[in-house]
Amino acid sequence: MSQPYYLKPKDVTQLISWSALTDHFQEMQRFDMRQAFADDTNRFDAFSLEGCGLLFDYSKNLITDKTIKLLVELAKEVGLTAARTDLFSGKLVNASEKRAALHTALRRPYGDKVFMDGVDIMPEVHKVLHQMTELVNRIHNNLWRGYTEKAITDVVNIGIGGSFLGPMLVSEGLLPFAQKGVTCHYLANIDGSEFKGLVNKLNAETTLFIVSSKSFGTLETLKNAQAARGWFLAKGGEEKDLARHFIAVSSNVKAAVEFGIAEENIFPIWDWVGGRYSLWSAIGLPIALSVGMSNFKELLAGAYMMDQHFLTAPFEKNMPVLMALLGVWYSNFFNAQTHAVLPYDHNLRDFVRHLQQLDMESNGKRVRQDGSVLDINSGPVLWGGVGCNGQHAYHQLLHQGTRFISADFIVPVVSANPLNDHHQWLYANCLSQSQALMLGKTRQQVEEELAIKGYSVDEIERLAPHKVIPGNRPSNTIVLDRVSPRSLGALVALYEHKVFVQSVIWGINAFDQWGVELGKELGVSVYKGLTEYQPDKAEDASTQGLINYFRNLHRG
Ligand code: F6P
């Protein structure tokens with residue numbers, strides 16, 4: 001019997017479907033999307049899907065029926081069906097750390113069973129949800145009080161990476177659902193400016209800090225937690241009051257207790273939840289504190305809907321699978337280096353930051369699960385930002401730059417904050433940008449326009465090259481009915497599964513992140529160079545020179 005994909009992944013470039021796609025890519029060199037839309041009035045219906053509160057339009061891509069057929073064959077040939085089963089059933093898909101990646105268990109309904117090492121983990125998952133419910137209710141009903149008996153008004157989540165980006169994205173995305181009374185803040189960076197800027201706005205008597213760290217060993221988080229404790233004590237709180245103002249979410253209960261968090265105030269997470277997939281766990285406490293537990297459960301329900309869709313829909317009708325395959329098509333055949341995500345919703349302005357960690361920490365890998373070197377592109381550089389703002393910044397490069405860039409446009413039909421006809425304009429801008437990327441403007445159109453405006457032949461000749469927009473640039477559009485807990489849950493889960501599918505195709509481990517460790521290790525020795533006298537200790541002259549510069553200025 002062959003080994004599971006996470007121990008012996010297939011070399012995708014050796015598959016029959018890969019070489020068929022290589023040939024097909026040649027056939028597609030002259031493919032023109034404008035022409036494809038003109039030839040087939042059914043193209044939108046053929047290449048769009050509805051489900052889980054989302055409409056996924058992928059018709060503005062450099063694809064034909066044959067492309068999709070071949071990409072789906074690739075997914076089948078690489079063993080995606082088995083890989084998906086392994087993911088959901090708790091197999092050790094994170095092979096380098098010998099861990100499962102069971103974030104999907106966190107959104108399963110009560111009564112479901114998921115076994116890890118012969119033990120059903122679902123009772124524990126629901127126990128923690130219950131623990132979260134109790135905390136949220138106590139805070140929202142003013143039963144949890146600060147050391148001067150005042151109600152909690154501000155919650156500060158101290159955490160970084162997955163212990164920050166996911167919760168921040170969702171609590172901001174769902175701001176219209178926020179419960180009155182509790183404001184959530186995020187403290188992530190070790191930069192004192194962030195700390196000072198935040199605490200200046202807070203009252204120690206009414207602030208609750210959540211130290212959110214799966215490992216409870218992350219430098220930035222621990223330093224900020226110590227600074228917060230120092231600030232709290234300096235503001236009049238006493239050691240005995242800390243339990244009312246500091247709680248933690250961690251899988252390292254011992255370290256959290258040693259830090260001074262009361263054991264009953266520690267919410268567990270498990271090593272089978274990866275940091276960037278953890279917003280569905282107690283790491284999501286700030287979300288629940290902001291929007292309430294029933295909305296948090298709706299978020300889980302939305303993600304669960306997407307899980308079911310991913311598990312059951314045939315690949316050719318499966319949103320995350322199609323999204324992933326389109327990404328592979330562009331990364332590996334068109335040699336795309338980057339992918340833009342462009343949400344047209346102010347409250348989703350931090351979606352890209354979350355996706356950057358989700359996608360790039362997961363698929364920014366250079367070897368396969370078995371250690372063999374990958375000689376094709378893996379995850380792209382993911383970037384982007386909120387529309388319309390981006391239109392007045394980097395969209396120029398999307399329209400006329402020399403690089404091949406694919407994009408996802410994301411937009412709700414209903415605005416959370418309708419204002420005159422602003423949302424109609426926002427929606428129109430979103431659609432017209434993807435349309436402009438696809439249609440472009442031909443030389444002939446430019447010449448005609450300039451001639452109508454009365455430009456001379458010479459002027460037209462001079463201006464036309466600057467005004468031609470090549471078009472034929474691909475994008476997906478994801479439309480949400482509105483940004484609700486359910487649709488946002490589904491949207492985030494959509495991207496999680498997209499990332500997973502791509503990792504399976506490339507044969508890489510989406511759930512480890514060894515690359516970030518080197519910087520952490522070197523940071524310790526550079527810190528020693530700055531703070532202890534260690535002449536010429538740095539491994540290279542550049543780092544040593546920069547250390548010396550810092551030391552000299554600090555001495556002066
Ligand atoms: O950046 C590395 C990383 O380990 C992320 O994967 C993780 O989300 C983040 O640090 C924070 O980790 P922790 O929750 O353990 O503090």
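Helices (H or I, at least four residues) and strands (E, at least two) are DSSP runs, numbered from the N terminus. The model you see is predicted: local features need pLDDT of at least 70, side-chain atom pairs count only at pLDDT 80 or more, and totals for chains, interfaces and linings use all residues. Residue numbers start from 1 along each chain as its sequence is written.

**Helix H20**
- Helix H20 covers residues 485-506, and its 22 residues reach 32 Å from first C-alpha to last.
- A residue is buried if 20 or more other C-beta atoms (placed from the backbone) lie within 10 Å of its own, exposed if 12 or fewer, and partly exposed in between.
- In H20, 22 of the 22 residues are buried, so the helix is largely enclosed by the rest of the structure.

**Active-site annotation**
- The unreviewed UniProt entry places the feature "active site" at Glu361, His392 and Lys520; UniProt positions are given in the numbering used here, feature names are shortened, and annotations may be inferred rather than shown by experiment.
- These residues span 160 residues in sequence, and the farthest two C-alpha atoms are 36.6 Å apart, so they do not all gather at one spot.

**Glu361 and His392**
- Glu361 sits in helix H15 (residues 351-363) and counts as buried, because it has 22 C-beta neighbours inside 10 Å.
- His392 is found in the loop between strand E11 (381-384) and helix H16 (395-400).
- With 9 C-beta neighbours inside 10 Å, His392 counts as exposed.

Technical notes. Expected span 1.5 Å × (residues − 1).
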